[in-house]
Amino acid sequence: MTPWIPAYVGIGSNLGDSRARVEAAFDALGAIADTMLVARSRLYRTHPFGPVQQGDFINAAAGLLTRLPAGKLLAALRAIEAAQGRIRAERWGPRTLDLDLLVYGDRCIAEAEIVVPHPGIAERGFASGSDNSSTRSAPSSKTESGAPGRPAAPSRPSRAATSPAIGAN
């Protein structure tokens, strides 16, 4: 039997109803074959990377256990992005949904289509648990005040275990 491998996925959106897209991504990740969603972070509002002028992102991170090889997991992530209307047109451009495979077990992979650990993980405070000036908690879904430091109220998917949130303070 194939062993379970821990994997972490960065989630982001800055087009449309980004909060709903990120929440839907958690559900979709939990529905991937031979994969379980076991942890999820709160939602964060972050400034975009790169030279393209665009709105802030809503970001989160998900912890998975999977029996899929890294390439097949990445293909499943891309299928979820496509289902949410993702079009890969402009590097660092706005996105309906962005799913990045951040870590896949203890493996280091450097291939044309997949690099893990993700080369940008250190710059993603929401994924690494660090606090940086470009990352703040997204406002709670009960208030759209925009007040920093208020995490969005998580709704745990039924398949999620009671693990500590990724990036929790």
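Reader: Why is Glu 113 called exposed?

Author: In this predicted model, Glu 113 has a relative accessible area of 54%, and since exposed stands for values over 50%, the residue counts as exposed.

Reader: What makes Arg 78 partly exposed?

Author: Arg 78 has a relative accessibility of 33%, and because buried requires a value under 20% and exposed one over 50%, with partly exposed in between, Arg 78 is placed in the partly exposed class.

Reader: How do you know that the side chains of Arg 78 and Glu 113 meet in a salt bridge?

Author: The distance from N to O for Arg 78 and Glu 113 is 2.7 Å, and a salt bridge asks for a side-chain nitrogen of Lys or Arg within 4 Å of a carboxyl oxygen of Asp or Glu, so the pair qualifies.

Reader: How many salt bridges does the count come to, and what makes Arg 40 and Glu 23 one of them?

Author: The count comes to three salt bridges. For Arg 40 and Glu 23, the closest N and O atoms are 2.8 Å apart, which is within the cut-off of 4 Å, and therefore the pair is called a salt bridge. Because Arg 40 belongs to strand E2 and Glu 23 to helix H1, the pair ties together parts that are 17 residues apart in sequence. Both Arg 40 and Glu 23 are buried.

Reader: Why is the charged end of Arg 40 said to sit over the ring of Phe 26?

Author: The charged end of Arg 40 is 3.9 Å from the centre of the ring of Phe 26, and the distance part of the rule asks for CZ of Arg within 6 Å of the ring centre, together with a position within 35 degrees of the ring normal. The charged end of Arg 40 is listed as sitting over this ring.

Reader: Why does Arg 95 count as buried?

Author: Arg 95 has a relative accessibility of 14%, and because buried means under 20%, the residue counts as buried. Arg 95 is placed in the loop between H2 and E5, and its contacts, leaving aside neighbours within four places in sequence, are Ser 13, Asn 14, Leu 15, Phe 57 and Arg 86. The side chain of Arg 95 also meets that of Asp 98 in a salt bridge, at 3.1 Å from N to O, and Asp 98 is buried as well.

Reader: Which residues touch the most other members of the largest nonpolar core?

Author: They are Ile 11, Leu 29, Leu 101 and Tyr 104, in a core of 29 residues. Strand E1 (5–13), helix H1 (18–30), strand E4 (57–66), helix H2 (70–83) and strand E5 (98–104) each supply at least two residues of this core, and H2 gives the most, with six. In soluble globular proteins, nonpolar side chains tend to be buried together.

Reader: Where is the pLDDT below 50?

Author: The chain averages a pLDDT of 75, and 66% of the residues score at least 70, but over residues 139–169 the pLDDT is below 50. This stretch still has 65 contacts in the model beyond near neighbours in sequence. Where pLDDT is low, the predicted coordinates should not be read in detail.

Notes:
Residues are numbered from 1 along each chain as its sequence is written. This is a predicted model: local features need pLDDT of at least 70, side-chain atom pairs count only at pLDDT 80 or more; totals for chains, interfaces and linings use all residues. Side-chain values use heavy atoms; hydrogens and water are left out. A nonpolar core is a set of buried Ala, Val, Leu, Ile, Met, Phe, Trp, Tyr and Cys residues joined through side-chain atoms within 4.5 Å. Buried means under 20% relative accessible area, exposed over 50%, partly exposed in between (1.4 Å probe, protein chains only). Helices (H or I, at least four residues) and strands (E, at least two) are DSSP runs, numbered from the N terminus. Contact means heavy atoms within 4.5 Å. pLDDT is the predictor's confidence in each residue, from 0 to 100.
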